[in-house]
Amino acid sequence: MSPRLPVARRLTRQVRPVPAEAAGSPSRTVPVISVRGVRKSYGVGEAAVHALRGPDDPAGGGPLGVSVDVEQGDFVAVMGSSGSGKSTLMNILGCLDVPTSGRYLLDGIDVGHLDEHQLSLVRNRKIGFIFQSFNLVPRTTALAQVELPLAYAGVRAAERRRRAVAALSMVGLGDRLDHRPNELSGGQQQRVAVARALVTSPAMLLADEPTGNLDSRSTDEVLAMVDRLNAAGRTVVLITHEDEVARHAKRVLRLVDGRIVSDVRQGPVAGPPPVFAGAEPVVGAVASGGGR
Ligand SMILES: Nc1ncnc2c1ncn2[C@@H]1O[C@H](COP(=O)(O)OP(=O)(O)OP(=O)(O)O)[C@@H](O)[C@H]1O
Ligand SMILES: [Mg+2]
């Protein structure tokens, strides 16, 4: 029996959009992310860079690799200085890169056993990505950008349009559907990227410095949206240099030279994220963020 088809079918079944309540269900026991002894090295021999290495084996057996679990519904900020391994970790979590050694289980599935096709299914159905540089397609309307992941997922045209319009309206860009990236402000471009990340209803949002190129007002708007998505049950892993951004997370991991050196909980996994809690004006700000 080919191992490929059953896994692909299982993924297709598992990765259907999860209602927010179900995504945040406390009855869940498998961590959405389980990283076990993951190491990532670039290059070989003397010139090798050990971007992720974890603690050293006390018995002298070399680095043990990074191990971390993330529960469904958690909001984790990953901090650390430049070169500490944050993007390397995020690329592995997002199935954009593979570890040199160790295991990564995403929703209980060992992604090390998946082929390229299955990995692209996982990325498309389970994960929403937001990058510092927006990564929008040039000369393409906001609507088409947000429809794209749905097209990859095989959603029919009318449904695609309906969901993309809803996602863009949710990020306050309902009146910018036909605007191309060069016709949008940085904050608006990042909000298109947020709409694109959430339109497939992924269980997990991965964001690498999503506010790194934004002014403080756009930063607040984008963070309010991330807060709202987490409050609705999405798991969020967000890389940032800024304490102000990390304040929004329920848990903060700090990396130094490819090792997790601290892991601090700022709020319980269940319930809304810390800044969002009781902060109705934040929701109001998102809702009124439209017309600009
Ligand atoms: N493709 C690559 N080839 C070789 N070395 C790499 C590669 N990608 C990353 N590195 C090295 O791995 C280490 C970790 O890089 P990484 O991009 O994960 O850092 P980071 O914490 O995201 O930094 P920043 O805050 O600057 O984005 C760095 O020393 C970097 O030079
Ligand atoms: Mg980086």
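A residue is buried if 20 or more other C-beta atoms, placed from the backbone, lie within 10 Å of its own, exposed if 12 or fewer do, and partly exposed in between. By that criterion, 44% of the 292 residues of the protein count as buried. This is a predicted model, in which local features need pLDDT of at least 70 and side-chain atom pairs count only at pLDDT 80 or more, while totals for chains, interfaces and linings use all residues. Residues are numbered from 1 along each chain as its sequence is written, and chains are lettered from A and ligands numbered from 1 in the order in which they are written.

**Secondary structure**
- The protein has 10 helices and 11 strands, taken as DSSP runs numbered from the N terminus (helices: H or I, at least four residues; strands: E, at least two).

**Helix H6**
- Helix H6 comprises 14 residues, 157–170.
- Its buried residues are Arg160, Arg163, Ala164, Ala167, Leu168 and Met170.
- These lie on the same side of H6 because they cover an arc of only 155° around the axis, the arc being that of the directions from the helix axis to the C-beta atoms.
- The buried residues of H6 pack against helix H5 (142–152) and helix H7 (186–198), where contact requires C-beta atoms, placed from the backbone, within 7 Å.
- Just after H6, Gly172 takes a positive phi of about 80°.

**Ligand 1**
- The residues surrounding ligand 1 include Tyr42, Val49, Gly80 and Lys86, each with its C-beta atom, placed from the backbone, within 6 Å of the ligand.
- Strand E2 (49–52) and helix H3 (86–93) each give two or more residues to this shell.
- H3 gives the most, with three residues.

Note on methods. Expected span 1.5 Å × (residues − 1). Contact = placed C-beta atoms within 7 Å.
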